[in-house]
Each structure stands twice: as C-alpha cells, then as structure tokens.
Amino acid sequence: MARAFPWPVSLARLVPWVLLLFQAASAAALYDLEVSNNGPITTDAQATLHAILHVKNEGSSSTQGGKYCFNWIYGPLTLVEKLEHGANATIVVTTPFPGIFPVSVQVTHVGCWFCPTLTQGLAVLQVSEYVQQVQVKRKFLLTEKHLIYTWTVWNDIMSLVFTRTALTTVEPFAYHNYSTPGTCVVHLQVTAEWRKHQMKTQHSQTIVRKTGHFAAALELLDAVQSINIVGSTEVHVMENLNFSLHIQGSPPLSLCWLIKTECVSLEADQCHLMVTNATDFHLNHVFRDAGQYCLSVRVENGINMLQSFREIQVKPLGIHPAFFVLPCLTLLSVMLGLAVYVTFRSNPQQKDLVE
C-alpha cells in the first residue's frame, strides 16, 4: 500500500522546483541577447563574434558590469582571443576549413553554477575558400573592383640583410624582382569595401570594410646563368676524353647531354638525362671513329633552361712516335750487349796466345 506523505512535507519539496521554473521564465523575459559577427571570412582569416546583453526592465542599453558570464560554444573553430566586459563579450576565432559554422553563447550569473541560464543566442559564421563571394542576406556583392591588396615582402637573405618592400594593388597578383636567392616571407592584407544600404532610408549608405591577413614563406632559387665546359677539344680515336661541367644556378638541376656529329637543341627523350643537386659534374666519353663532333649540354631548374655546346676534333689513330723510339732503344741495347760480350770474350783468347 502506498504511503501518503503529509501535505506540508510534499509542499515543501515542490516549492523549490516551482520557484526555479518561475525564475527561469522570468530570466528569459527580462534579458535579451544580441549576437553578431563580421563574416563571411576566408579560410585562415580571423572572425570576430560580439555578444551584447540587454536588460529589458532597465532599458535596452543599460547593463550591470561584472555580473555576467558568457559561455561560448564555437567548436570546431579555433579560439584566438576572448574578452568580457560587463554585459559585452567578444571572441576571435579562425579555421583552415571552409563551411558554415554555428556559434552559440549562453549567459549566466558569475559564480552561480546552479542558477539557470539567463538567455542564449546563436550566430552563423560562413567561411569560404575565396575572397570573392556573394552575400545574399546583406544584399551586397564583393567583386575585385572593391578589393585592395597590400603586399609586404620581407627578404631574409643569407647575408642577414633584411629589407622590406610594400606594394598596393587592385588586382589579386603582384610582381617583385629578387636580386639574390634565399628565403622570403610575404604578407598579404586583403581589404574588401562595399556600400551597405540602411534599412530606415533607401538613400542612406555606409561604407563597410572587412580585412583578412595571410602569409607565406617562399624559397627563392637562382636562375641557371652559365654552363662552363672544361676539357680538351682534340682527342685521338679510342682515347678517353674527360669533361668537367661547372654550372651557376640553384639546384636541383636537370642535366641533359649528348655527343653527335653536329650541335643540336636537346629534348628530354633525346639525351642522357639525370637530376643532380650538385653544380659540378664530370663525364667521359671514348670516340671510336675520327671526325668532327659536338658536345651539347642542357641544364634546367625550376626557373629557366640554358644550353651550351663544345666542338671536339677526333683524330685518327695513326703511328705514335713511341713506336719509333722503342725499336731504336731495343736495337741499341742489343748492339751494346753484343759489344760487351765480344770484348770480354776476346780478352782470355789474347792471354792464352801470349803464354
């Protein structure tokens, strides 16, 4: 059989829950939260979300500083900065991924963990891969005519000389010439400007600006400026001819060489092709036939391509002077040996005759 509680005990347990529900309903009616953001943004740019708490019973603009706690839910975005001051709160977030991300915030009293939420709000942040985009809700169009590109180029050269160059363009590209290879850091600030019509009057317009910051590190390569071929221009048939190639340019280098009877413009499939990280290279070749030949060399890196040529005269084998020297030396040695033999042999014969 169910046990009935006395009426005063049941009422005592029920009153706190009623008061809690009443407090939550009252809080929702007394507070209003305004959440806004400066989106849309591009990937890796920073977005700012701002929340303002309005207390209705004290006027739409009155606040009581230091009383409220703003609990933001912004995942999977990355939090960069968070600020709170009275009834105002701001966070700065970023993400490398495009998409549409909801960001919510709940407002409670400071230091009151079990108190209900006073109010909550939601904002939707749009992240795009491109700066040029159309925002239908705000009725404006971003085109390249409204974009200003500010390029800041820092040169980090091996000689530890740091220089800064600033460029401002209205096109999404810029040209800059570097005098030496090395590492360069480029910063880009993209400023978008558009006119926004006010809702109250059609003739009232304001200029809205939004800025995105980007950076990239560039590895600068030196162009292939020269190919110095060191080696003899004359050789005989069946002799080994050595060449040394000294290349002025940044590796990796694509080296292509070929020896034919005439100098030719080389293609990748018509030569001995190799990739090297060295700027000095050695090669050798043995000619089997006499005639006029040409060594064609092509060197290429990620910047440019350069070709060089060396003419080679291959002479027939012929009779080498050594072939005359060796027989003469052999004959001379034989004659000298014969003379010594005859001399020593004739001495004993003369001694026997005298006796």
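Reader: Into which class does Lys-260 fall: buried, exposed or partly exposed?

Author: A residue is buried under 20% relative accessible area, exposed over 50%, and partly exposed in between, using a 1.4 Å probe and protein chains only. Lys-260 has 35% relative accessibility, so it counts as partly exposed. This is a predicted model, in which local features need pLDDT of at least 70, side-chain atom pairs count only at pLDDT 80 or more, and totals for chains, interfaces and linings use all residues.

Reader: With which residue does Lys-260 form a salt bridge?

Author: A salt bridge needs a side-chain nitrogen of Lys or Arg within 4 Å of a carboxyl oxygen of Asp or Glu. For Lys-260 the partner is Glu-262, and their closest N and O atoms are 3.8 Å apart. Glu-262 is partly exposed too, because its relative accessibility is 37%.

Reader: How many salt bridges are there by this rule?

Author: The count is 3. One of them joins Glu-84 to Lys-82, with 3.8 Å between the closest N and O atoms. Glu-84 is partly exposed at 39% relative accessibility, and Lys-82 is partly exposed at 42%. Another joins Glu-234 to Lys-315, where the closest N and O atoms are 3.3 Å apart. That pair links distant parts of the chain, since Glu-234 lies in strand E16 (residues 234–236) and Lys-315 in strand E22, 81 residues apart. Glu-234 is partly exposed, with a relative accessible area of 47%, and Lys-315 is partly exposed at 33%.

Reader: How many helices and strands does the chain have?

Author: Helices (H or I, at least four residues) and strands (E, at least two) are DSSP runs, numbered from the N terminus. In this chain they come to 2 helices and 22 strands.

Reader: How many aromatic pairs does a search of the whole structure find?

Author: Rings of Phe, Tyr and Trp (its six-membered ring) pair if their centres lie within 6.5 Å; planes under 30 degrees apart are stacked, over 60 edge-to-face, and the rest tilted. The search finds 3 pairs. One of them is Tyr-31 with Tyr-68, an edge-to-face pair with 6.0 Å between centres and 75 degrees between planes. Tyr-31 belongs to strand E1 (residues 31–37) and Tyr-68 to strand E4 (residues 68–73), so the pair ties together parts 37 residues apart in sequence. Tyr-31 and Tyr-68 are both buried. Tyr-149 and Trp-151 form a stacked pair, because their ring centres are 6.4 Å apart and their planes are at 25 degrees. Tyr-149 and Trp-151 are also buried.

Reader: With which side chain does the side chain of Thr-169 make a polar contact?

Author: A polar contact is a pair of N or O atoms within 3.5 Å; within protein, one must be able to donate a hydrogen and the other to accept it, and residues adjacent in sequence count only if both atoms are side-chain atoms. The side chain of Thr-169 makes one with that of Trp-151, at 3.1 Å. A polar atom of the Thr-169 side chain also lies 2.9 Å from the backbone oxygen of Glu-171. Thr-169 itself is in strand E12 (residues 162–169). Leaving aside neighbours within four places in sequence, its contacts are Ile-148, Tyr-149, Trp-151 and Ala-174.

Reader: Which residues form a nonpolar patch on the surface?

Author: Patches are made of residues with over 30% relative accessible area and no salt bridge; like charges are joined within 9 Å, and nonpolar side chains (Val, Leu, Ile, Met, Phe, Trp, Tyr) within 5 Å. Accessible areas come from the Shrake-Rupley method with a 1.4 Å probe, and for residues only the protein chains shown count as cover. Here Ile-100, Leu-122 and Val-124 form the patch, with about 310 Å² of accessible area together. Val-124 lies in strand E8 (residues 119–128) and is partly exposed at 47% relative accessible area.

Notes: Residues numbered from 1 in each chain as written. Heavy atoms only, no water. Contact = heavy atoms within 4.5 Å.
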